[in-house]
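Colleague: Could you walk me through this structure and tell me what stands behind the words you use for it?

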Amino acid sequence: MTYNPSALLPVIVLLPLLGALFNGLLGSRLSRQTVYAISNTTVLASFLLSVMVFLGLRGAMVTAPDAAFRYTLYEWIAAGSYKFEIAFLADQLSAVMLLVVTGVGFLVHLYSTGYMHEDPGYARYFSYLNLFIFSMLMLVLGKNLAMLFIGWEGVGACSYLLIGFWFKDMDKAAAGQKAFIVNRIGDVGFLAAMMLLLAYGNGSVDFDHLRVVFSDSAHMLDHAPTVTLIALLLFVGAAGKSAQIPLYIWLPDAMAGPTPVSALIHAATMVTAGVYMIARMNFLFALTPHAMTVVMMVGATTALVAASIGLVQNDIKKVLAYSTVSQLGFMIVAVGAGAYAAGVFHLMTHAFFKGALFLGAGAVIHALHHEQDIRKMGGLKKKLPIIHWTFLISCIAIAGLPPLAGFFSKDAILAETLAFRPNTEKIATYYGESFERQARVKVMADKAPDQAKLAVAVKAERDAYVKSVEDLAIWRKVAFALCLLAAFMTAFYMFRLYFLTFSGDYRGDHHTWDHAHDAPWPMATALVLLAFLSFVGGWVGTPFFHNQFNFFFHWLEPVLARGEELLDGHMTPALEYGLMAASTVVAALGVTLAWWMYRKGPSELGANLANRMSFIYDALLNKYYVDEFYDRVVVRPLRAVSQAAFQVIDRIIVDLVMVRGPGYVLLGVSHAGRLLQNGEVQTYLVGVVLGIALLAYYLV
Amino acid sequence: METTFAQAWLELNGVGGFPLLTLLTALPLVFAAISLMLPGDQPGAHKALGFAGSIVTFLVSMVVWSRFDTGLGHMQLADDFAWIPGIGARWTMAVDGLSLPLVLLTTFLTPLVFVGAWSAIDKRWKEFTIAMLVLETGMLGSLLAVDLLVFYVFWEIMLVPMYLIIGLWGGKARIYATLKFFIYTMFGSLLMLVGILYLYGKTGGSFSLREFAALHLTDKEQLWLFGAFALAFLIKVPVFPFHTWLPDAHTEAPTPGSVILAGVLLKLGTYGLLRFAIPMFPAAMGTFSPLLLSLAVIGIVFGAMMAYVQTDVKRLVAYSSVSHLGFVMLGIVIYNEEALQGAVLQMVNHGLSTGALFLLVGFLYERRHTREIADFGGIAKRMPVYAAFFVFVTMSSIALPLTNGFVGEFLIFGGSFKEGIHSAMLQPETGIAWRTTVLVGVSIATSGIVLGAIYMLSMVRRVFFGAIGKPENEALHDLTLREKLLMSVLAVMIAWIGLVPGGFLKVSEATVHAMVQPNRPAILQVRSPLDYQREQSRRAPAQAAEEAKAE
């Protein structure tokens, strides 16, 4: 195939925007069917065009292995040395994201036609949903960092609107607001990083351009701490969007939105944007093992902490929410460990199984008249067969049992975390000139600029750097251990959720049970397709036969080339298969434990454990009191300080003392002046006498 | 006959001697005069007259725009007549890429204000029409004058109608607010007048901006004169700590007054700095840069914190203006091309977004006669279209990408970061003090991005979301057709500048370049001499090449 689908890129992006505008402006006058048709067709069309782009890219790669499609729509902002274009880039990484976003996006649209069929706000809902797809496509197809940022903040705004979709409930509106603000904190980091990159890129943050800049070791700003700073600032953005510690707190609350929204935005697509961004910027992150280690450890900690909270939650969506935070932690570990392809792979498989799980949970909630508490469920296996089977498959997939999708992606992350290490030689070469400059500064300070001494100093600089990088190796083992523990917890809490929902006896009221119905066809279609993908989706990325058939990883190679060039990997078959066996055993243990405890509903053992260790249990149930902590340390102080500043600084110091003060002084002086001429002769006389007395005193 | 600088441009542009800019400035006054002659008992006639007058003015401003050559950096389309020959005062008006955006903003907002006032003003329409049109003349004159005496006259003319608008159609504490507004701005203006007269004496008989800027002043003179001019402008902006008149004036002003006050009047402060204070006294600007930078950053953060704790929606929006104009001030202080382009655009953006917010608040006030946040809650259910517009404008106000607010803020941040970091990382010996000040300041300023989202979204949530608590709000009716049209026009502008800002940035591009060329080195020389040397050495080869090309 030789056709060039570049011109399709803007069409793919703009179709959902048109849908959003149409339904948003005219939707209230249109019938349900029209609104459904418009919103679904635009996303479906985008998906089909994305497939064409994907196929076109495959065709183009036959002749040029690093082929990519680019399309510039127009120059957006140009001022001074800065230049930003509205331009699209479809390379291998974008193509994967494109398929996931439009594919899962369409299934969620389809599902929503069933889920929202009683809601009067359908036009608004589908308009927001289309707008979200538009923003997400801007994000993944952006050719420069500024485009990515447009999408980045755009999806945040859509998320705000959709979480607070049922705005009559103040808690839901507050959850939307919290999501937006916490994300904004991350965005400040992103923005600052972009400003630093602008200085690097001489006014351009085009990915192609930046990749060249960061491959050129003669660049004037090359300086390890600066690169580390940029990477860490970008990661602040990623931590906000991808719900990592300490900015993860918005995601569990985001479950206030309609469940299909949780599936699409808060599981499959938007929250993975941070992972995408780091994979996209691999050429930068790979240069800074220090920042990478921070990324990896934050990811691992998040994976474990969120999984531990997920162990005890009783709201079906809350379990899935913490599970999402935890799984995002895995992806962040991957990109932090240099396993970019594995991270993106897990991003994709997670989109399938977590999408299926959320949609399944939504179908259960829908069937049970908005019941979300798993303590009031149970035995739904027979009543809701389609939901049950799709849910079970996705649970196996996320638990990481072979041969389902989650197994391969999670295994790849664990293995590569342990096996990879930074190529210190190459990285140090990149910083060569900066070592020399630093050394020169130090030697000059000695006032003895001789060549031999300089060479020694350069080597010392370099060795110190290499040593500091090598010292980081231990953290990979720590991250691996944390992830393995988190993987065990994942298997356990997912099957706790499964057994409590579908197995044992029903524990709710019988009216609800009688009216429970399996998913209608639009919802069932989405569930079945996603469950199918959760089953087979991992087979494109298997490590067998030395990655011979690992299509997925090979596919991403052109984008990740620079990042992978700066890595060393020592993957032996023994390590590979040993880890596969280990992670299977860990997952199986978790499932078995859950089966033992919960197959017949809430167990006494569980209750006893909770009583015995109530301190731990309460901490987990209350999510380690993190929200309370933020409330006391950030939210309330901000309000109190603002209030105090308003009363004291603004009202008293500035307004009363500085502004009105001089007026009052003038008034006071005038009053005093008026006393001097009050017309009373006695007063004047006293003045005269006093005056004479004073004069006499001085003169005599 | 002597050739003044304005005449040179007159020929250059070939307007053929037609005083286009004078006509533009005088038009509202003509309509005000007609209004004056009509009886006051026919509000309909005055409404129509005011609207027609502002529309005609708007159309003429479009002619100006079409005649404007964006490729030129200096003043163009100039009118120049002898005005008061005895004292050497000339009537000189001209436009460039700095004033044109604000001129267009003024002529664009004024008709909208008349439409918005349709029901907001319920008495004395004749007086209102006259005041508003005179105010427009004042604003246009201030923006177009390049002769300091003409400028001063228009600057003072603006004060009176605004005083009347707040005083006659304002709220309960309007007398206190007008007094504060009047005395405060008058105080600044008088200092400026002293400065103008001093410079007039120095030139030996001219009020021309060009003559003023060409004077050789001692450092001490520059500092004092900059102080006098800048104070007048800083009060107008307003920059912390001169801002307390603003919330009072806004809260008491009727909706049309607030829209014009926030939309245009405040920008005359930032405009004045850019047009007069900085080009006339660049060295003093260099000395005051750290102070002004600090005040700008304090304004951003402090204004946002104040907005967060307000209970009155209008007061909240007023404080948000303090914060937003802090961003504009930041761009002005930095004074490089990126930041200045951002600042000029952000002036327009703020006029549109905050103007829209004040109109929206006004719609609500007309319905419920209260602006207390606590009196609302859940009204999105009753007023969905209104809520949609409000959320949209909020997004613009908190600078969401693809709205106008983002473009301006982004460029201001971009320019500021550039000033702080560009190629300085490896040469810490170069201008470290100023760069550190900038970097620390900008880093603090970024918190404004988060704080902006906090106070705006909290307010939106408390006004629009949740259950309807008060029975009075059950009866609220959504926007009328007139209100919808009004908001649509503003929404289109917000989206337009956000999506395709190119044309708007282009208007100011050449002028900003021409301003930076001479002024930035002069400023840098004082505030960071090492940076000055570095920029000069880098610029020298490029300039030589340019000159060689020109030959």
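Modeller: Gladly! Let's begin with burial: buried means under 20% relative accessible area, exposed over 50%, and partly exposed in between, with a 1.4 Å probe and protein chains only. This is a predicted model, where local features need pLDDT of at least 70 and side-chain atom pairs count only at pLDDT 80 or more, while totals for chains, interfaces and linings use all residues. Residues are numbered from 1 along each chain as its sequence is written, chains are lettered from A and ligands numbered from 1 in the order in which they are written, and side-chain values use heavy atoms, with hydrogens and water left out.

Colleague: Why is A:C395 called buried?

Modeller: A:C395 has a relative accessible area of 0%. The cut-off is under 20%, so A:C395 counts as buried.

Colleague: And what makes A:C483 buried?

Modeller: A:C483 is at 1% relative accessibility, so A:C483 is buried too.

Colleague: How many disulfides does the structure hold?

Modeller: Over all chains there are 0. To be counted, a pair of cysteine sulfur atoms must lie within 2.5 Å.

Colleague: Why are helix 12 and helix 19 of chain B called oblique?

Modeller: Helices (H or I, at least four residues) and strands (E, at least two) are DSSP runs, numbered from the N terminus. The axes of helix 12 (residues 282-308) and helix 19 (residues 502-527) of chain B come within 7 Å and cross at roughly 45°. Axes are lines fitted to C-alpha atoms, for helices over the stretch in contact, and angles run from 0 to 180 degrees between N-to-C directions. Under 35 degrees is roughly parallel, over 145 roughly antiparallel, 65 to 115 roughly perpendicular, and the rest oblique. Helix 12 and helix 19 of chain B are therefore oblique to each other.

Colleague: Which residues meet there?

Modeller: Contact means heavy atoms within 4.5 Å. Among the residues of helix 12 of chain B that meet helix 19 of chain B are B:P282 and B:G286, and on the helix 19 side they include B:N519 and B:V526.

Colleague: What makes B:V313 buried?

Modeller: B:V313 has a relative accessible area of 4%, so B:V313 is buried. B:V313 lies in helix 13 (residues 313-334) of chain B. Not counting residues up to four places away in sequence, B:V313 touches B:V361, B:R371, B:I373, B:M459 and B:V463. B:V313 and B:I373 are 60 residues apart in sequence and 6.1 Å apart in space, C-alpha to C-alpha.

Colleague: How do you know that helix 10 of chain A is mostly covered?

Modeller: In helix 10 (residues 259-268) of chain A, 10 of its 10 residues are buried.
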